[in-house]
Every structure is written in structure tokens, then in C-alpha cells.
Amino acid sequence: MPSIRSYFFEKGIKLSVKRALKKGLSNRAMEEQRQMLDTVARKLGKLPKNCKVEKLQIEGLYAEWISSENAVEDKVILYLHGGGYAFCSATTHRPLAASIGKAAGVKVLFPEYRLAPEHPFPAAVDDAVNVYQWLLRQGYQPSNIIFAGDSAGGGLSVAAALVLRDQNEPLPRALVCLSPWVDLTSSGESYRKNNDVDPYLTLPGVKDAARMYAGKENPLDHPLISPVFADLTGLPPLYIQAGNHEILQSDAELLAHQARKAGVKVSLKVWDGMWHVWQISGPRLPEAKKAIREMGDYIKKVFNS
């Protein structure tokens, strides 16, 4: 049963989104919208205690190493942030990535991949693959790397793994997906069923973001744009969290179904009363703390098995 705090959290999110829409946020220039999101994130998001950030450049991309005092040196989470492939950054998602890394006791590599519409598909996929290959060149073993991501970053994690598989390259140990956006055709039942309860996402907004990322020439059911339409055979184990108040619930469930059908080991948990990427709420929300703790336990188990 969802906590009382989650009830008020969700109400607050809905109110904040309504206020932003009334102020015309969606009508502002893309760069201005991104800056506003970063500004809000700086005020609300805080790194967990005893975490540090080291800035670097990878293949022309800004990136960060995020680590805590208990992090082992030879194991890495490659974290790919959400934001509809068009928004967000290390500023918005650093606390979430750091919390997962700290719970798992490993380092996190956080790259800022190129964003649409300036850089539509396949730019983000190319960047994710290149950063993984950079890690391999640094001496990290594939079995000591896990891809993790939320929303678009969850879909990007799966797409990057598919590219690596098709190139006959060594795959990461596992894929961890939070509310993954993996069906850009919006075909799932939850897009209609949860449209009125999802505090963040709307069907029109998701459709606009999908077309912006795919570009004019690529179909939305392209297997690297919407990985639920791909052959998932040979992928590493999948760990998926989603909420039953989000319109992307069907994405998570269809991804799990398709992966199991292809022989991939899958762990899926749909959380009652939770919304899109509730884990980003961090220590202020009991369900976020529990979800991150469970992710950390899973990652420890996978790395130690």
C-alpha cells in the first residue's frame, strides 16, 4: 500500500506541472526549458552524503564519475538519464545516479549524451555505445559494467546493448531500467488507462517527444527507437521497476514479456501507486528509498554472482 507521504507527493507534482503549463513553459525555446529544469534541480536535488563528483570528457561528451566512500574501484554503473531524449542532464539526475551507485557500492559513470531535436536518433545510441567502448579501453571488464537508466535512458540502455550484440561485442553484466520508455508508438494500454492519473506525462506530450527523437525519416517502431519491437535474444539480465500510475507502465511490462520470450532473465516489479521515475524523489519519499535499496541489492547480487 502506498505511503501517506506518496499521496501528498503526487498531488504536489500535479499542482507543479499545472502551474508550469499555465506559465507557458512548453511554449518557450528548447534551451530555455532545459535551463529552467536545471535551475529547479539545483534547488531540490542533493548528493547523498560522502559522494564526490569528478568531471571529464569522453569522445567530446561531458561526463562525470560519481562515487561514494564505499565504492569499489573495478565495478561501474554506466548511467543514462531520462528526459524524453530532449531534456535533462547531470544536474537533474546526478542525485539519483549517485544514490543508486552508493546503494550498490560501485562507481557511476554519467555521460551527457547528445539531445534531440538538435541531435535526433541515432545520436544518443551512438554516444552510449562509444562511452561503453571507452570504458573497455580503460581496462574495465564487461562483466564489471552494468547499464542503468530511467525513462528514455532505460530505452537507451536496451538499444545500446542491442547494437553491441549485433556488433558481436562483449555485453555488460546486466541492464537496470527505471520506468523505461521503450515503445515510442505509444501502443500500450496504460497510455489510455493512466492518462488521467499520471502526474507528469501526457499522451500528446509523449507523442511529440517521440517524433522529435525519431526524426522525419525513421519509423517509431524501429527496433533501436522502440526496443520492444526488437529481437531481444542474447541480451544480459534485465531488472525493471515501474509504477502503476504512469502511462509507461505498459512499456515496462511489454519489455519484460518480449525479453522473457527471447530467453532473457527478467526481474520486473510494478509498484502500487507510484508515478514515472518516483525514485528521483530520493530520501524524501519512503518508496523511493526502498526502490533504490532494492536496486542496490540487485546490482550487488549480480556483480557477486
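I looked up E10 and found it in helix α1, residues 4–22. Helices here are DSSP runs of H or I with at least four residues, numbered from the N terminus. The model is predicted, so local features need pLDDT of at least 70 and side-chain atom pairs pLDDT 80 or more, while totals for chains, interfaces and linings use all residues. Residues are numbered from 1 along each chain as its sequence is written, and side-chain values use heavy atoms, without hydrogens or water.

I noted that E10 is buried but has no salt bridge. Buried means under 20% relative accessible area, exposed over 50%, and partly exposed in between, with a 1.4 Å probe and protein chains only. A salt bridge needs a side-chain nitrogen of Lys or Arg within 4 Å of a carboxyl oxygen of Asp or Glu. For E10, the nearest side chain of opposite charge is K14, 4.9 Å away. I listed the contacts of E10 (heavy atoms within 4.5 Å). Leaving out residues up to four places away in sequence, they are V197, P199, H245, G273 and W275.

Next I checked T91, which sits in helix α3, residues 90–104. T91 counts as buried because its relative accessibility is 16%. Beyond its neighbours within four places in sequence, T91 contacts D38, A41, R42 and E112.

Last, I turned to the surface, where R5, K289, K290 and R293 form a patch of positive charge. Such a patch joins like charges within 9 Å, from residues with over 30% relative accessible area and no salt bridge. Helix α9, residues 286–304, gives the most to the positive patch, with three residues. I found K290 in helix α9. K290 is partly exposed because its relative accessible area is 38%.

Note on methods: Helix = DSSP H or I, 4+ residues; strand = E, 2+ residues; numbered from the N terminus. Lys, Arg positive; Asp, Glu negative; His and termini not counted. Patch = residues over 30% accessible without salt bridge, like charges linked within 9 Å, V, L, I, M, F, W, Y side chains within 5 Å. Areas by Shrake-Rupley, 256 points an atom, 1.4 Å probe, with all protein chains shown as cover. Charge placed at Lys NZ, Arg CZ, Asp CG, Glu CD.
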